[in-house]
Amino acid sequence: MMTSVDTDLIRALADPLRLQIVALLAHETLCTTHLVEETGAKQTNLSNHLKVLREAGVVDTEPCGRFTYYKLCPDVIASLAGQFADLAERARTATDNKRTCP
């Protein structure tokens, strides 16, 4: 049970295509056309995944003429990394904790 980790964010990143989008956006800000070319996904499918990432706060949009560019929100990723680091630290200190069976 990971109550201290943002489960909505984990769900948003759990899909392989969304994780690929995040990895691409870690390198540069891209528009939907670029993401279609890079991933090979259909535009409508990609738009649905981008919506999930936007709603989770992972990506932000930047209008540019008739195109919409997407950029990664690094603070959200850093926050999630920190949450996992906290879990790992708790696990390290809890190695000797063991409940007795009734």
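## Packing of two helices

Helix α2 (residues 16-25) and helix α3 (residues 32-39) cross at roughly 115°, and their axes come within 11 Å. Axes here are lines fitted to C-alpha atoms, for helices over the stretch in contact, and the angles run from 0 to 180 degrees between N-to-C directions. Helices (H or I, at least four residues) and strands (E, at least two) are DSSP runs numbered from the N terminus. The crossing of α2 and α3 is right-handed; a crossing has this hand if the near helix is turned clockwise from the far one by less than a right angle, and is left-handed if anticlockwise.

On the α2 side, the contact is made by Leu17, Gln20, Ile21, Leu24 and Leu25, and on the α3 side by Leu35, Glu38 and Thr39. Contact means heavy atoms within 4.5 Å. The residues of this contact comprise five nonpolar, two polar and one charged. In this division Ala, Val, Leu, Ile, Met, Phe, Trp, Tyr, Cys and Pro count as nonpolar, Asp, Glu, Lys and Arg as charged, and the others, Gly among them, as polar.

The model is predicted: local features need pLDDT of at least 70, side-chain atom pairs count only at pLDDT 80 or more, and totals for chains, interfaces and linings use all residues. Residues are numbered from 1 along each chain as its sequence is written, and side-chain values use heavy atoms, with hydrogens and water left out.

## The two sides of helix α1

Helix α1 (residues 7-14) has Leu9, Ala12 and Leu13 as its buried residues. Buried means under 20% relative accessible area, exposed over 50%, and partly exposed in between (1.4 Å probe, protein chains only). Seen down the axis of α1, these buried residues fall within an arc of 90°, so they line one face of the helix. The arc is that of the directions from the helix axis to the C-beta atoms. Asp8, Arg11 and Ala14, on the other side of α1, are exposed. The buried residues of α1 pack against α2, α4 (43-55) and α5 (74-93).

## The largest nonpolar core

In soluble globular proteins, nonpolar side chains tend to be buried together. A nonpolar core is a set of buried Ala, Val, Leu, Ile, Met, Phe, Trp, Tyr and Cys residues joined through side-chain atoms within 4.5 Å. The largest such core in this model has 19 residues, of which Ile21, Leu25, Leu35, Leu53 and Val58 touch the most other members. Two or more residues of this core come from each of α1, α2, α4 and β3 (67-72), and α2 gives the largest share, five residues.

Not counting residues up to four places away in sequence, Leu53 touches Ala12, Leu13, Arg18, Ile21, Val22, Val58 and Val59.

## Individual residues

The table lists the relative accessible area of several residues.

| Residue | Relative accessible area | Class |
|---|---|---|
| His49 | 10% | buried |
| Val76 | 22% | partly exposed |
| Tyr69 | 22% | partly exposed |
| Gly40 | 65% | exposed |
| Thr100 | 74% | exposed |

His49 is placed in helix α4. Leaving aside neighbours within four places in sequence, His49 is in contact with Asp15, Leu17, Arg18 and Ile21.

Val76 belongs to helix α5. With neighbours within four places in sequence left aside, the contacts of Val76 are Leu9, Gly57 and Val58. The C-alpha atoms of Val76 and Leu53 are separated by 11 Å, and the two residues are 23 residues apart along the chain.

Tyr69 has its place in strand β3. Its contacts, leaving aside neighbours within four places in sequence, include Thr29, Leu30, Cys31, His34 and Cys64. Tyr69 and Val36 are 33 residues apart along the chain, and their C-alpha atoms are separated by 13 Å.

Gly40 is in the loop between α3 and α4, and Thr100 is in the segment after α5. Gly40 and Leu9 are 24 Å apart in space, C-alpha to C-alpha, and 31 residues apart in sequence.
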